[in-house]
Amino acid sequence: MGVLLLKRINRILPVYAADISGVCSALYELGGMTVMHDASGCNSTYTTHDEPRWYSMDSMVYISALSELEAVMGDDDKLVRDIVDAARNLHPRFICLGGTPIPMMMGTDFKGLARMIEKETGIPTFGIATNGMHSYVRGAGEALRRIAERFCPTADELEEIKAGMGQMGKGFPEGPGSGGARLGVNILGATPLDFSLTGNVSGIRKFLSCHGMETVGCWAMKSSLDDMRLAGLADVNLVVSAAGLPAAMELEKKYGTPYVTGTPIGRRTALRLAGLLRLGAGTGKNQSLFGGEASGEGVSGLHHAGPCIPGLPDDLSRERVLIVGEQVIAGSLRCSLREDLGARDVTVLCPVEGSESMAEEGDMLVWDEDEAISRIGRSTVVIADPLYRQVCPKDKQAAFVDFPHEACSGRMYHSAMRPFVCGS
């Protein structure tokens, strides 16, 4: 057991944004109040490294300012009083209480605290027992799932809402078989930790529009909580990062809405993803970019249609390519390198929570820094955040392709970030 834990320690390479940062990022634009239960360190890490919207968009993200005495004595009453007082002044749409390592060691009952706060305020409240031991993917995924669970109406209630919208003359997406009407799609798992603020989310919306689809809600950037409450109107959900999977499963359970997993990166991959969305909506069955036969694999000479990542070599057919990053985005990029640029040997190294169902043979899902460094050394082309350059052999620096990731290096390389999704 001790050997396994030592293998999962980072000595050189950076760790990714923590689960509490994922919670805050996912809920940032929804009008709720998010409280980190911590002394203050986690808040400064989030605001100075993980949140690019901090200086341009207001949000109610606070710290509980947990003191040593409160930690020792387990004084939850003060926490409840402070949150209730703040909520009565700020009138948030909801309250989310998230944890850090200290409350984990204290055994804080977040579910019980949430019930107490909701009883006092009448404001929907939920607690998420984050602890800093997991990545942003876990936290953001659970936060979005809670939104689907608490705020999306039941199927029967949704029918009443649709009837009311019809009486008011408001349109809503119509499903397949409705005479060529546009499909309604929710975008699930969009946060700046994976997509930054460089136009990727707008690109995904444009991609849907170009293929005759309408965005019902984007979970959770550039959509309001009211938009997201209408998620049941969608015909199909698009999961663009692993953080969107828990919400996709919750919406499937609540409405039977199928979901498609993948990110539109590169022209051919984007076309295939659009086809999977139509297939999912038509059949009611979940679809994925991963695991199926890659159309156009091994085809070269289509460099103009490849992913928009500066520095990619023109010919990848003879290269051993390693992609480091979040699994859905990295897997979609692998599809594009194959379908658009002719790559054959492509492996994904996922430093955050991943799923075997989206992996291929040879992918690395369990973190081991020594193994990660070894794989980087054995690859001829490495696509990763620039912080990984420090372990790339000097003679291979020319084959290192910078792919800055906000969840990894924060704002360090923000000026070098470019949109990587295909908007058509």
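Figure 1. Proline 351 is buried, with a relative accessible area of 17%, where buried means under 20% relative accessible area, exposed over 50% and partly exposed in between, for a 1.4 Å probe and protein chains only. This is a predicted model, in which local features need pLDDT of at least 70 and side-chain atom pairs count only at pLDDT 80 or more, while totals for chains, interfaces and linings use all residues. Residues are numbered from 1 along each chain as its sequence is written, and side-chain values use heavy atoms, with hydrogens and water left out. The loop between E11 and H16 holds proline 351; helices (H or I, at least four residues) and strands (E, at least two) are DSSP runs, numbered from the N terminus. Leaving aside neighbours within four places in sequence, proline 351 is in contact with Tyr16, Val324, Gly325, Trp367 and Tyr388, contact meaning heavy atoms within 4.5 Å. The C-alpha atoms of proline 351 and glutamate 369 are separated by 9.3 Å, the two residues being 18 residues apart along the chain.

Figure 2. Strand E12 (residues 381-384) pairs with E13 in the parallel sense over 3 bridges, and alanine 384 has aspartate 402 in E13 as its bridge partner. Axes are lines fitted to C-alpha atoms, for helices over the stretch in contact, and angles run from 0 to 180 degrees between N-to-C directions.

**Figure 3. Packing of helix H8 against helix H13.** The axes of helix H8 (residues 136-151) and helix H13 (residues 245-255) come within 7 Å and cross at roughly 20 degrees. H8 and H13 are therefore roughly parallel to each other, a label given to angles under 35 degrees, with over 145 counted as roughly antiparallel, 65 to 115 as roughly perpendicular and the rest as oblique. The contact is made by Gly141, Leu144, Arg145, Ala148 and Glu149 of H8 together with Pro246, Ala247, Glu250, Leu251 and Lys254 of H13.

Figure 4. Strand E5 (residues 183-188) is joined to E7 by 4 bridges and runs parallel to it, isoleucine 187 having leucine 238 in E7 as bridge partner. E7 also pairs with strand E8 (residues 259-261) in the parallel sense over 3 bridges, and there asparagine 237 is the bridge partner of tyrosine 259 in E8. In strand E6 (residues 213-219), 6 of the 7 residues are buried, so E6 is largely enclosed by the rest of the structure. E5 and E6 run parallel and are joined by 6 bridges, with leucine 188 bridged to tryptophan 219 in E6.

Technical notes: Two strands pair if DSSP finds at least two bridges between them.
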